[in-house]
There are 2 protein chains.
Amino acid sequence: MARRTRGTSAGLDRERIAAAAVALVDRDGLERFGVRRLAEELGVDPMSIYHHIRGKAALLDAVSEAVLAEVAADAGEASSGWEEVARRTAHGYRDMAYRHPKVFPLLTTRAQTSPVALAALERLFAAMRAAGLPDQVVADAPMVLFSFLNGHLLARTGGGPDGPGPMPPLDAGAHPTMAALAPLLADFGSAAEFDRMLDVVLQGIRDRAAREETP
Amino acid sequence: MARRTRGTSAGLDRERIAAAAVALVDRDGLERFGVRRLAEELGVDPMSIYHHIRGKAALLDAVSEAVLAEVAADAGEASSGWEEVARRTAHGYRDMAYRHPKVFPLLTTRAQTSPVALAALERLFAAMRAAGLPDQVVADAPMVLFSFLNGHLLARTGGGPDGPGPMPPLDAGAHPTMAALAPLLADFGSAAEFDRMLDVVLQGIRDRAAREETP
DNA sequence: CCTTTTAAATCTACGTCGTAGGTTTCGCTC
DNA sequence: GAGCGAAACCTACGACGTAGATTTAAAAGG
């Protein structure tokens with residue numbers, strides 16, 4: 001708890017702060033996150049942080065940018081078809097979400113205009129266009145894909161402070177179809193479920209493309 | 001500003017509180033929402049609210065339940081095919097999201113286990129099963145649909161305090177494909193865009209069903 | 001080597017928040 | 001009309017985000 005005297009450097013910079021913030025959100029969740037707690041974690045006065053980051057909102061921007069940067073690394077070779085690119089992007093994104101479930105909701109709420117996000121989008125658009133898909137399909141598909149990914153991962157990671165929570169026992173009388181399908185609904189959050197649902201979306205894109213090419 | 005004397009009824013109950021809370025979030029956004037502000041809106045002491053609702057979290061639960069209830073009304077006749085049911089459900093859900101853009105993020109974060117949410121899900125499951133879709137497809141499809149809806153509507157309504165924000169001017173040099181498609185990306189948030197993307201998802205479900213029926 | 005500048009970090013303080021605990025008052029039943 | 005339960009209020013506490021002023025070590029200039 002040895003407090004530094006004024007003026008001595010604490011070695012703070014945007015990067016170190018962002019890394020500590022990610023770790024703090026990972027541990028305690030978004031609700032408990034705050035400037036003061038982060039400062040204590042860094043062994044620093046709360047106001048010191050403001051010399052590197054404008055305020056809490058900018059702090060959360062830095063957090064989401066930091067976790068997004070993790071996903072950009074494994075882009076894979078460029079010589080793949082658009083489906084391979086889409087699948088790799090989706091898997092990388094999912095892995096990141098599971099690595100930082102408490103951070104993930106931030107990404108779905110804030111508009112993603114950081115360079116890494118735009119680069120990933122551009123890769124997807126380019127791969128689809130190179131494959132000869134109709135322009136309207138190319139324009140729509142990545143948005144559909146990321147909408148699905150955000151919605152799905154938000155549900156699986158739970159968004160809230162304590163994960164998805166156990167499925168409550170459903171009333172078989174009131175919901176007979178759901179009750180009958182219960183065994184199939186049980187692999188909630190599994191890798192197999194993710195791939196199945198991702199395939200549905202990709203299938204829709206593929207089919208839509210085939211339909212618009214020959215009208 | 002006339003404060004009531006202690007003991008006299010203020011006519012508070014869960015329903016009235018929830019309605020005022022929805023109106024307050026609609027007006028000022030989630031960030032500015034709080035127990036004290038809500039109390040002032042109701043002309044009431046903050047602590048009075050706690051006699052009807054456990055705390056802020058329960059208050060937000062009531063808010064999301066209230067807006068979800070709006071969508072249950074227009075279910076439509078039961079004699080429709082599953083696609084019609086899915087489309088009507090999606091449109092009703094979207095209309096609700098646009099009616100309460102500041103509330104919507106709540107729905108994507110909290111697990112939806114309220115009776116109205118389960119009833120809507122059951123309708124979808126039942127319609128698909130009645131149409132003879134394979135069980136695995138029936139089990140997955142509503143989840144895929146709502147994942148897409150949540151992700152898409154979250155992006156369109158902006159989630160944050162001030163809407164989606166204008167698209168920043170993108171660097172045509174760094175992102176040539178996106179720049180080329182810019183005209184097609186311009187109808188962000190339009191009804192036509194929603195229907196196009198919804199069709200992609202439904203197409204995927206349809207195709208997946210056809211593929212699994214005849215293996 | 002001494003002075004001046006500059007930037008980093010700290011300290012103080014204000015208004016707001018969620019809510020625990022205690023108190024007051026109304027309307028009801030005996 | 002005495003007693004009681006419920007509804008509302010009052011007070012208070014700790015935590016929050018952050019504006020503004022202050023301190024101090026290190027860099028720059030002579």
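Colleague: Let me start with one residue: is A:Ala18 buried or exposed?

Modeller: A residue is called buried when its relative accessible area is under 20%. A:Ala18 has a relative accessible area of 8%, so A:Ala18 is buried. Keep in mind that this is a predicted model.

Colleague: Where does A:Ala18 lie in chain A?

Modeller: A:Ala18 belongs to helix α1 of chain A. The C-alpha atom of A:Ala18 is separated by 8.6 Å from that of A:Leu60, although the two residues are 42 apart along the chain.

Colleague: Which residues of α1(A) and α3(A) meet?

Modeller: On the α1(A) side they are A:Arg14, A:Ile17, A:Ala18, A:Ala21 and A:Val22. On the side of α3(A), they meet A:Leu59, A:Ala62, A:Val63, A:Glu65, A:Ala66 and A:Val67.

Colleague: And how should I read the angle between those two helices?

Modeller: Angles of 65 to 115 degrees count as roughly perpendicular. Helix α1 of chain A packs against helix α3 (residues 56–72) of chain A at about 80 degrees, with the axes 9 Å apart. That is why α1(A) is described as roughly perpendicular to α3(A).

Colleague: At what angle do the axes of α1(A) and α2(A) cross?

Modeller: The axes of α1 (residues 14–28) and α2 (residues 35–42) of chain A cross at roughly 110 degrees and come within 10 Å. So α1(A) is roughly perpendicular to α2(A) as well. From α1(A), the contact involves A:Arg16, A:Ile17, A:Ala20, A:Ala21, A:Leu24 and A:Arg27, and from α2(A) it involves A:Arg37, A:Leu38, A:Glu41 and A:Leu42. As for handedness, α1(A) passes α2(A) in a right-handed crossing.

Colleague: What does A:Leu12 touch, beyond residues up to four places away in sequence?

Modeller: A:Leu12 touches A:Ile17, A:Leu42, A:Val44, A:Ser48 and A:His52. A:Leu12 sits in the segment before α1 of chain A, and its relative accessibility of 13% means that A:Leu12 counts as buried. From A:Leu12 to A:Ile49 the C-alpha distance is 7.9 Å, across 37 residues of sequence.

Colleague: Now the wider view. How many helices and strands does chain A have?

Modeller: Chain A has nine helices and zero strands. Of its 215 residues, 47% count as buried. Among contacts in chain A between residues at least 6 apart in sequence, 68% link residues at least 24 apart.

Colleague: Which residues touch the most other members of the largest nonpolar core?

Modeller: That core has 131 residues, and those touching the most other members are A:Leu38, A:Tyr93, A:Ile205, B:Leu38, B:Tyr93 and B:Ile205. Take A:Tyr93: setting aside neighbours within four places in sequence, its contacts include A:Leu68, A:Val71, A:Phe104 and A:Phe146.

Colleague: Could you close with a helix pair from chain B?

Modeller: Gladly. The axes of α7 (residues 115–130) and α8 (residues 135–157) of chain B come within 9 Å and cross at roughly 140 degrees. α7(B) and α8(B) are therefore oblique to each other. Residues in the contact include B:Leu121, B:Leu124 and B:Phe125 of α7(B), along with B:Val138, B:Pro142 and B:Phe146 of α8(B). The crossing of this pair, α7(B) and α8(B), is right-handed.

Key: Residues are numbered from 1 along each chain as its sequence is written. Chains are lettered from A and ligands numbered from 1 in the order in which they are written. This is a predicted model: local features need pLDDT of at least 70, side-chain atom pairs count only at pLDDT 80 or more; totals for chains, interfaces and linings use all residues. Side-chain values use heavy atoms; hydrogens and water are left out. A nonpolar core is a set of buried Ala, Val, Leu, Ile, Met, Phe, Trp, Tyr and Cys residues joined through side-chain atoms within 4.5 Å. Buried means under 20% relative accessible area, exposed over 50%, partly exposed in between (1.4 Å probe, protein chains only). Contact means heavy atoms within 4.5 Å. Axes are lines fitted to C-alpha atoms, for helices over the stretch in contact, and angles run from 0 to 180 degrees between N-to-C directions. Helices (H or I, at least four residues) and strands (E, at least two) are DSSP runs, numbered from the N terminus. Angles under 35 degrees count as roughly parallel, over 145 as roughly antiparallel, 65 to 115 as roughly perpendicular and the rest as oblique. A crossing is left-handed if the near helix is turned anticlockwise from the far one by less than a right angle, and right-handed if clockwise.
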